[in-house]
Structures are given as structure tokens and as C-alpha cells.
Amino acid sequence: MLHNSKLALTFHSLFVVFLLAPLVVVMLVAFTPNGYISYPTNGFSLRWFVAIFEYPAFIRAFWNSLYLGVAAASISALLAVPAALAIVRYSFRGRDALVGLFLSPLMIPHVVLGVAFLSFFSQIGIYGSFWALIAAHVIIVMPYTMRLVMASVFGMDRSAEKAALSLGASQWTMFRRITIPMILPGVAGGWILAFTTSFDELSMTIFVASPSTTTLPVQMYNHIAHTVDPLIASVSTVLIVLTVLFMVLLDRLYGIDKVLIGKG
Amino acid sequence: MTELTSSLSPSMSRTRTINPVPWLLSAPGAIFFLALLGMPLIMTLILSFNSFDYSIGIVSSFGLENYYEVLRDSYFHEIFLRTYSISIAVVILCIIIGVPEAYILSRMRNPWRSLFLVVTLAPLLISVVVRTLGWVLLIGGNGLLGKFLEAIGIAESSAGNLMYTHTGVILALVHVLVPLMVISVWAALQKLDPAVEHAGLSLGASHGTVFRRVVIPQILPGILSGSLIVFALSASAFATPAIIGGRRLKVAATAAYDEYLNTMNWPMGAAIAIVLLVANVVVVMSYNRMMERRFRRTLG
């Protein structure tokens, strides 16, 4: 067994401090009793958490982001499952190009996508609608869904499908009762990754979101660009806590390293 | 991207006649992508050839003036130079920090290993805006860094104010992107056979030599793909440079944003975006080529 030296462990501790310090600082500032950015040295207060409810813009943006994430992830899964089946199971002309097409948003800077969607949506007159925002998000989350669904279709044992067919099941029954349940973990992992990507997306959304369809990251960015106050720290703290809860749930259900390393 | 395609098995049904099934299955996604990704990109390309007049607005003409300006003007030179020098600095720092950390993690025992792996990966799921806000609070005018520097007597507290500086932007970007480097190197380390390391040690090599001569060469692909991801993402980063760099330190992404939403010079913004896109694609493609050639050589 190889061991880490003292030096290595010191390096590791500094790394962990570096990684967590900004998050800890945000969470500390959120509890300040003062009206300005400061550490809660003179007592803890929840006033800035209460204050969130006096700013309906944040609440509305949160729900927008939630609906948007669910819609984009679900539509991308609906498009990805049949496409992944076609790509993995058939060899046909243009298959590589199709894979390239579906994964291409990974190569395109999000700002470029934002610029492109802004011109396109305003040209065809749907700029500012929630549907336009959903469509844009489907494009950016598709590579993540696609990769995980393709991996699960690729890794699937097809003998169960053959057995179902030889026992007289129709293609549709086989798909519904055998194929879908067997690739479900991959589809669910892709959906989760798509949802979190959509929920946190800022660089593209900032071009496409209108005041009525503002998402949480855009709302937070606009707030920070204007002023940095304890309110934004408390909103961030709520977000950090929700993310950690989500992560614990994800780890229990799925194994978090599996989902995230799939992302890299 | 290429890894996945090349690992796909050749199909089971290999008929000579054209089978419509795969086309029908992939049609919804393909049509969606061609309409909603292809059209906007083509439109942006066309827009970048148009010109802009401050009194009339967008003039649909065809010319290369915007590209001339982006590639010739010293103002844009500075922006692109800044963007890529920041990205290179971020990549180097991510290698210096991320590679040893991934190695240390891989030598830990459970439960510590899983715990710290989650600690390293968790920030990836937390919004970039939140993580950048943390840095604003740390390195801002009245931040903790300044107070810390003053307390230990190294410098005055104003030295801790890194807002609107290159150092500040680089620091925050490293924080945002280093987990991706750790993941990438971690994945490469999983394929490493510890017996080779033991052999090196038993033959009298020091830990440093083993790391340099045995471990590094084997995880090089992981380091390279990590560097590629980190480079591409920091070159196109928006939130962190916008919040920490502000107006004073514009990078390509924030410059495109300003042209679009403040100056309203869409053709110029489109030209900046196309240059950024082409640069990104060239870097990714040449990297893929390089890796393919490397693979071919090692496979004989």
C-alpha cells in the first residue's frame, strides 16, 4: 500500500480549504445581522433569509429555472432515446455526422449560442417566450443526455430482447417492457445531468431570457452586477443547501461519482 | 467525442438495401438540431457580414469590415490576447494543483477517498454565480484575504483587493475549473497498475522519480484532455470574468455581450462570437487529431 506523505497531506488540506473557502464565506455572510456585507461577529441573524420572501423576483426566477430544467431535461430524453437506439444499433450513412451533431453544443462556447439564439428568436418573433428558452436549453443539455443514454444502450445485453421477441411479444411491447427498463438508469442519469446543467446555465440564458422568463442564475447575476449585499449571500446559501441535499439524494440513488465523472 | 463513436460496435443488421428505421428514429432529434442549432449559427454568420450604423442600426450588406476590425484593431487584440493569456494561466495552474491532488486522492483509503472525491466534485454542481460570489466576498475591497494579509503582517489589507485584476479572475476561474482537471486525471489514474510503481520504488527510485518517470507518462492523456476542457471553458467563460473582471478587464465573451446588449452593435458582436467559435473548434479539432495520431503510433 502506498501512503501519502506529510507534504502530500498538507497540500491536500490546502486544496480542500481553497475549494471550500468561497462557499463557506458565502454561507457565513448570509447570517449577518448587519445591513451590509460583513461576517456575523456580533450574533447570528436570519433576517436576510426572511428578506428573500420580500423579493418575489427571486422566487419567480427559482420556479422558472425549475420548470425550465424539468422541461429541457425531459424533452432531451425523449429525443435522445430513439436517436441513441438508432446510432448504437444500426450502421448507416451519416451516423458519425449525427453523433457529431448531437454532441456539437459541447464544442460551442455558450456565449456564442446565446448570441445565435438571440438573433434567431428575435428574427422569427418568439424572443422572450418560455418555449424559446426551453428549446435553447434542450440544445445545450442534449450532449449530456445523449452520452449517458448511448452508453447504456451500448452496454445493454440484448438476449432479453431476443427472448421476448421469440416468445411472441411485439416490437412495441418489447421496447416498453424490456428495452426501456434496461436502459432506465442511463436515461435517469442523463436526465439528472441535463437538469442540473440547465438549472445552472447563465452564459447562454442571459441573452435569451426576457424579464418575464428570467431564471435564477440570470436574476442572481443581474443582482450582483448591480450590488453585492447579504441578500444575495442568503439566496446563494439556500441554493448551496438545496444542491447538497440533491447531491446526497443522488448519491443514495445512483452514486454521485458515476454521474459526475460521466460529465467530464 | 471520437472516443465514443469509435467504440461503438458495427451494427448487427447489415443489409445492403437502405433501412429507414435508424433514420426514422433519429429524425426528431436531427430535425430539432438542424432547425434550432444550424439555423441560428448560420444566421449569426450572415449577421457578422452585415454592417452597423449608429443612427440606422443594422444594415444588411455583405462585407468583412467587422472581421477586419476584430482582427486588426488594437482594442480587440487586447481583448483576445487577454482571453487566451488568462486561459493559459488557468490551465497551467489547474495542472499544478489538479494533478497532484488527483494522485493524492487515488492513494487515499476509503472512506476518506470517497469523501474527498465528493468534496472535490460537489462544487461542479453549485452554480458558477454562487462560486464567483464567494470570491467577490474573499478578494473584494473589505474581503477576508486583505484582513488575513494584514493580520499576519505580510501586507496592508488593500493588497488583498483583487477585484478587477487578472490575478482575481484567474484565481476564481481556477477554482471553478480545477475539479474538471481532477476528474480527468483521476479517470486516467484508475487504469494505472500500482505494481509498476512498486517496481520503480523497489529498484531504488525515489518517490519523486517514480511520480515523474512512471506515473506522469501514463496519465498524460488524462492531463491533456483535462487541459483541453479547462482551456476551452476558460476561453469562453462569461460569469466569472464579468463579475470579477468587470468592465475594466473585458474578455471575448463579455465583449460580445456588451456589443449585443449595451452598444446594440449586433454585427460586431456576431463577428466576435464567430472568431471565438472558430478558435475554439480549431483548438479542439487539432487536439483530437493529435490524440488520434498518438494512438495510431502506440498501436503500431
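What are the helix and strand percentages over residues 80-287 of chain B, and how far apart are the end C-alpha atoms? In this predicted model, the chain over that span is 78% helix and 0% strand, and its end C-alpha atoms are 20 Å apart. The span corresponds to the feature "domain: ABC transmembrane type-1", which UniProt places at residues 80-287 of chain B in an unreviewed entry.

Confidence was considered for the complex and for chain B. The predictor assigns the complex an ipTM of 0.89 and a pTM of 0.88. For chain B the mean pLDDT is 86, and 92% of the residues reach 70 or more. Residues 1-15 of chain B, however, have a pLDDT below 50, and this stretch makes 17 contacts in the model beyond near neighbours in sequence. Where pLDDT is low, the predicted coordinates should not be read in detail.

The secondary structure of chain A consists of 12 helices and 0 strands, and its order along the sequence is α-α-α-α-α-α-α-α-α-α-α-α. Chain B, by comparison, contains 13 helices and 2 strands. Along the principal axes, the C-alpha atoms of chain A fill a box of roughly 75 × 65 × 30 Å, while the C-alpha trace of chain B spans about 75 × 75 × 30 Å. Of the 264 residues in chain A, 45% count as buried; in chain B, buried residues make up 40% of 300. In chain A, 75% of the contacts with a separation of 6 or more are accounted for by residues 24 or more positions apart. The corresponding share in chain B, among contacts between residues at least 6 apart in sequence, is 66% for pairs at least 24 apart.

In an unreviewed entry, UniProt lists the feature "transmembrane region" for chain A at residues 12-32, 44-63, 69-88, 100-124, 130-154, 175-194 and 231-250. Among them, residues 130-154 of chain A are 100% helix and 0% strand, with end C-alpha atoms 35 Å apart. Residues 44-63 of chain A are 70% helix and 0% strand, and the end C-alpha atoms of this span lie 29 Å apart. For chain B, UniProt places the feature "transmembrane region", also from an unreviewed entry, at residues 21-47, 79-103, 115-138, 169-189, 219-244 and 264-287. Among these, residues 169-189 of chain B are 100% helix and 0% strand, with 30 Å between the end C-alpha atoms. Residues 219-244 of chain B are 88% helix and 0% strand, and their end C-alpha atoms lie 33 Å apart.

The contact between the chains takes 81 residues from chain B and 75 residues from chain A. On the side of chain B that touches chain A, helix α2 (residues 21-49) of chain B gives the most, with 17 residues. By class, this side of chain B has 60 nonpolar, 16 polar and 5 charged residues.

Individual residues were examined in both chains. Ile192(A) is found in helix α8 (residues 171-200) of chain A. Ile192(A) counts as buried because it has 22 C-beta neighbours inside 10 Å, the cut-off for this class being 20 or more. The C-alpha atoms of Ile192(A) and Phe62(A) are separated by 17 Å, and the two residues are 130 residues apart along the chain.

Two residues of chain B have backbone angles of note. Most residues other than glycine have a negative phi. Tyr164(B), although not a glycine, has a positive phi of about 60 degrees. Tyr164(B) is found in the loop between α7 (144-151) and α8 (166-189) of chain B. Because Tyr164(B) has 13 C-beta neighbours inside 10 Å, it counts as partly exposed. Met264(B), likewise a residue other than glycine, has a positive phi near 65 degrees. Met264(B) lies in the loop between α12 (252-261) and α13 (266-298) of chain B. With 14 other C-beta atoms within 10 Å, Met264(B) is therefore partly exposed.

Terms used
Residues numbered from 1 in each chain as written. Chains lettered and ligands numbered in written order. Predicted model: local features only at pLDDT ≥ 70, side-chain atom pairs only at ≥ 80, totals over all residues. Helix = DSSP H or I, 4+ residues; strand = E, 2+ residues; numbered from the N terminus. Buried ≥ 20, exposed ≤ 12 C-beta atoms within 10 Å, placed from the backbone. Contact = placed C-beta atoms within 7 Å. UniProt positions renumbered as here; feature names shortened; annotations may be inferred. Nonpolar A, V, L, I, M, F, W, Y, C, P; charged D, E, K, R; others polar. pLDDT = per-residue confidence, 0-100.
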